[in-house]
Amino acid sequence: ILSAPNIVRCPGCPGGFEVPLLNLRNNPNLLSVTCPYCEQCFCAHCKQLPHVLCTCEELVRYGNLWNRWVAEQRAGFQRSQRANAEAIRRAEKEQVAAGLRLQEYEKDEAWKEQHCRICPHCRRVCEKIE
């Protein structure tokens with residue numbers, strides 16, 4: 001916030017349009033401001049995107065944590081996601097292959113019902129001779 005207590009410069013405007021904080025008297029904890037010139041919404045204190053669930057300091061801390069995660073751990077996370085996706089694709093292919101084997105087995109059993117019988121002596125399936 002500038003030296004004038006009820007004015008803040010917009011970070012989105014090229015010349016830093018001065019935005020009056022009209023509701024400051026009614027709400028001293030006001031953080032979110034919308035520039036009437038470029039319609040960008042920002043925090044009156046830190047000039048970042050509005051953040052109602054955390055303070056400006058917490059926003060910086062969370063941003064640093066996020067940047068560290070992106071720099072150090074995101075690649076490993078993405079590798080594990082790709083490995084999981086590949087495992088899912090393999091499982092889906094195996095499921096399709098198992099379904100085809102089941103269909104073939106059912107066709108074979110239907111053919112056996114029509115064309116085969118059980119031998120009365122050895123109890124094995126054999127082709128009918130008529």
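Student: How much accessible surface does the protein have, and what share belongs to carbon and sulfur atoms?
Tutor: In this predicted model, the accessible surface comes to about 10,800 Å². Carbon and sulfur atoms own 53% of that surface.

Student: What share of the residues counts as buried?
Tutor: Of the 130 residues, 12% count as buried. The label goes to residues under 20% relative accessible area.

Student: What does the fold look like along the sequence?
Tutor: There are two helices and six strands, and they follow the pattern β-β-β-β-α-α-β-β. Among contacts between residues at least 6 apart in sequence, 18% join residues at least 24 apart.

Student: How confident is the predictor, and which elements have the lowest and highest mean pLDDT?
Tutor: The mean pLDDT is 85, and 88% of the residues reach 70 or more. Strand β2 (residues 18-20) has the lowest mean among the elements, 75, while helix α2 (residues 74-115) has the highest, 95. Keep in mind that where pLDDT is low, the predicted coordinates should not be read in detail.

Student: What makes W66 and W69 a stacked aromatic pair?
Tutor: Two tests are needed: ring centres within 6.5 Å, and planes under 30 degrees apart. The structure holds two aromatic pairs. For W66 and W69, the centres are 5.3 Å apart and the planes make 25 degrees, so both tests are passed and the pair is stacked.

Student: Where do these two tryptophans sit, and which residue joins them in a cluster?
Tutor: Both lie in helix α1 (residues 56-72), three residues apart, which is about one turn of the helix. Ring pairs link W66, W69 and F77 into a cluster. W69 has a relative accessible area of 26%, so it is partly exposed.

Student: What makes the phi values of E39 and R123 worth a look?
Tutor: Most residues other than glycine have a negative phi. Phi of E39 is near 65 degrees, a positive value, and phi of R123 is also near 65 degrees. E39 is in the loop between β3 (32-34) and β4 (41-43), and R123 is in the loop between β5 (116-118) and β6 (125-127).

Student: How do you know that E39 and R123 are exposed?
Tutor: Exposed means over 50% relative accessible area. E39 has 64% and R123 has 62%, so each one passes that cut-off.

Student: Why is H51 called buried, and what does it touch?
Tutor: Its relative accessible area is 6%, which is under the 20% cut-off, so H51 is buried. H51 lies in the loop between β4 and α1. Beyond residues up to four places away in sequence, H51 touches L31, C43, C46, C56 and L59. H51 and L31 are 20 residues apart in sequence and 7.7 Å apart in space, C-alpha to C-alpha.

Student: And H115, how do you know that it is partly exposed?
Tutor: H115 has 33% relative accessibility, between the 20% and 50% limits, so it counts as partly exposed. H115 is found in helix α2. Leaving aside neighbours within four places in sequence, H115 is in contact with C126, E127 and K128. H115 and C126 are 11 residues apart in sequence and 8.7 Å apart in space, C-alpha to C-alpha.

Student: Which residues make up the largest nonpolar core?
Tutor: The largest nonpolar core has eight residues: V8, C10, C13, V19, V33, C35, F42 and A44. One of them, C13, is in contact with C35, Y37 and C38, leaving aside its neighbours within four places in sequence.

Conventions
Residues are numbered from 1 along each chain as its sequence is written. This is a predicted model: local features need pLDDT of at least 70, side-chain atom pairs count only at pLDDT 80 or more; totals for chains, interfaces and linings use all residues. Side-chain values use heavy atoms; hydrogens and water are left out. Rings of Phe, Tyr and Trp (its six-membered ring) pair if their centres lie within 6.5 Å; planes under 30 degrees apart count as stacked, over 60 as edge-to-face and the rest as tilted. Helices (H or I, at least four residues) and strands (E, at least two) are DSSP runs, numbered from the N terminus. Buried means under 20% relative accessible area, exposed over 50%, partly exposed in between (1.4 Å probe, protein chains only). A nonpolar core is a set of buried Ala, Val, Leu, Ile, Met, Phe, Trp, Tyr and Cys residues joined through side-chain atoms within 4.5 Å. Contact means heavy atoms within 4.5 Å. pLDDT is the predictor's confidence in each residue, from 0 to 100. Accessible areas come from the Shrake-Rupley method with a 1.4 Å probe; for residues, only the protein chains shown count as cover.
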